[in-house]
Amino acid sequence: EECWDPAVTVWESSQLEKMGERHLNTEFLEEVGLDKEQVIVLKKAFDAFDSEKKGAITTETTGQILRMMGLKVSSDELNAIVEDIDEDGSGELEFEEFVMLSARFLTEEDEEALKKELKDAFRIYDKDRAGYISTGTLKEILHELDPKLSEEELTGIIEEIDEDGSGTVDFDEFMEMMTG
């Protein structure tokens, strides 16, 4: 059960108003590939580090925030991306630029984590370490993921994945199927 904290609620509602519709509208969120909660967390971090309240933070500060969020980022990577994103060439990032930069690392981390999870799942079923699983095994996995799938639907999915009719699915095919 969540605990209601009026201080957080007041802060968030005032910050949401300050952020305005620009940073929380669907178009911007889709453009950067983040959800509202992630943008709000980034706003809190940005505001906490923008101690002079000038609406911008340095590249070094940006690196600190990303590392605090558990993201691994080298200074070379960071500088290259800041150069690309810093539209006004100020050497500092305004909030929108900071969100765009952070999104690159956050979505990259998600993709890497997903690929690792899928690789681990694939290995569980690739008991012989042959580099592939049978379509029969894949059918069992799909049925476990969605018991409502009919035999026809399962067969259709398998046929789509196993284009060459080999009866096997390698990791790349498995990855493609799971990530679309």
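One caution at the start: the model is predicted.

Let me begin with the layout. The protein chain has nine helices and four strands. Read from the N terminus, the order is α-α-α-β-α-α-β-α-β-α-α-β-α. The chain has 180 residues, and 33% of them count as buried. The exposed surface comes to about 11,700 Å². Carbon and sulfur atoms supply 49% of that area.

The largest nonpolar core has 27 residues. Leu34, Phe98, Val99 and Leu101 have the most contacts inside it. Which helices supply at least two residues each? They are α2 (26–32), α3 (36–49), α4 (59–68), α5 (75–85) and α6 (95–125). Helix α6 gives the most, with seven residues.

Look at Leu34 in particular. Set aside its neighbours within four places in sequence. Leu34 is then in contact with Leu29, Val39, Leu42, Val99, Ala103 and Leu106.

There is also a second, separate core, with 14 residues. Among them are Leu118, Leu154, Phe171 and Met175.

Staying inside, turn to helix α4. Its buried residues are Thr59, Thr61, Thr62, Gly63, Ile65 and Leu66. After α4 comes Gly70, with a positive phi near 85°.

Now His23. This residue sits in helix α1, which covers residues 6–24. Is His23 buried or exposed? Its relative accessible area is 13%, under the 20% cut-off, so His23 counts as buried. What does His23 touch, beyond residues up to four places away in sequence? The list is Phe28, Leu29, Val39, Phe95 and Glu96. Pick out Phe95 from that list. His23 and Phe95 are 72 residues apart in sequence. Their C-alpha atoms are 9.1 Å apart in space.

Phe95 comes up again with Gly55. Gly55 is in the loop between α3 and β1. With a relative accessible area of 30%, Gly55 is partly exposed. Residues up to four places away are again left out. Gly55 then touches Phe46, Asp50, Leu93, Glu94 and Phe95. Take the Leu93 contact. Gly55 and Leu93 are 38 residues apart along the chain, and 8.3 Å separates their C-alpha atoms.

Glu94 has another partner, Asp88. Asp88 lies in the loop between α5 and β2 (92–94). Its relative accessible area is 47%, and Asp88 is partly exposed. Not counting residues up to four places away in sequence, Asp88 touches Glu94 and Glu97.

Now some backbone angles. Most residues other than glycine have a negative phi. Two residues here are worth a look on that score.

Lys53 goes first. Its phi is near 55°, a positive value, and Lys53 is not a glycine. Where is Lys53? It lies in the loop between α3 and β1 (56–58). Lys53 is exposed, at 59% relative accessible area.

Arg129 is next. Its phi is also positive, about 55°, although Arg129 is not a glycine. Arg129 is found in the loop between α6 and β3 (132–134). How accessible is Arg129? Its relative accessibility is 56%, over the 50% cut-off, so Arg129 counts as exposed.

Last, the pocket. Rolling a probe the size of a water molecule over the atoms shows where empty space is left. In this model the largest pocket has a volume of about 160 Å³. Which residues line the largest pocket? They are Ile157, Glu160, Ile161, Glu163, Glu173, Glu176 and Met177. Two elements give two or more residues to that lining: α8 (151–161) and α9 (171–179). By class, the lining has three nonpolar, no polar and four charged residues.

The largest nonpolar core has 27 residues, and α6 gives the most to it. The second core includes Phe171 and Met175. The largest pocket takes two or more lining residues from each of α8 and α9.

Methods. Residues are numbered from 1 along each chain as its sequence is written. This is a predicted model: local features need pLDDT of at least 70, side-chain atom pairs count only at pLDDT 80 or more; totals for chains, interfaces and linings use all residues. Side-chain values use heavy atoms; hydrogens and water are left out. On a 1 Å grid over the protein atoms alone, a cavity is a set of points where a 1.4 Å probe fits but cannot get out, and a pocket is an open set with protein on both sides within 12 Å along at least five of seven lines; lining residues have an atom within 4 Å of a point. Grid points are joined across faces, edges and corners, and a volume is the space filled by probe spheres set on the points. Ala, Val, Leu, Ile, Met, Phe, Trp, Tyr, Cys and Pro count as nonpolar, Asp, Glu, Lys and Arg as charged, and the others, Gly among them, as polar. Buried means under 20% relative accessible area, exposed over 50%, partly exposed in between (1.4 Å probe, protein chains only). Accessible areas come from the Shrake-Rupley method with a 1.4 Å probe; for residues, only the protein chains shown count as cover. Contact means heavy atoms within 4.5 Å. A nonpolar core is a set of buried Ala, Val, Leu, Ile, Met, Phe, Trp, Tyr and Cys residues joined through side-chain atoms within 4.5 Å.
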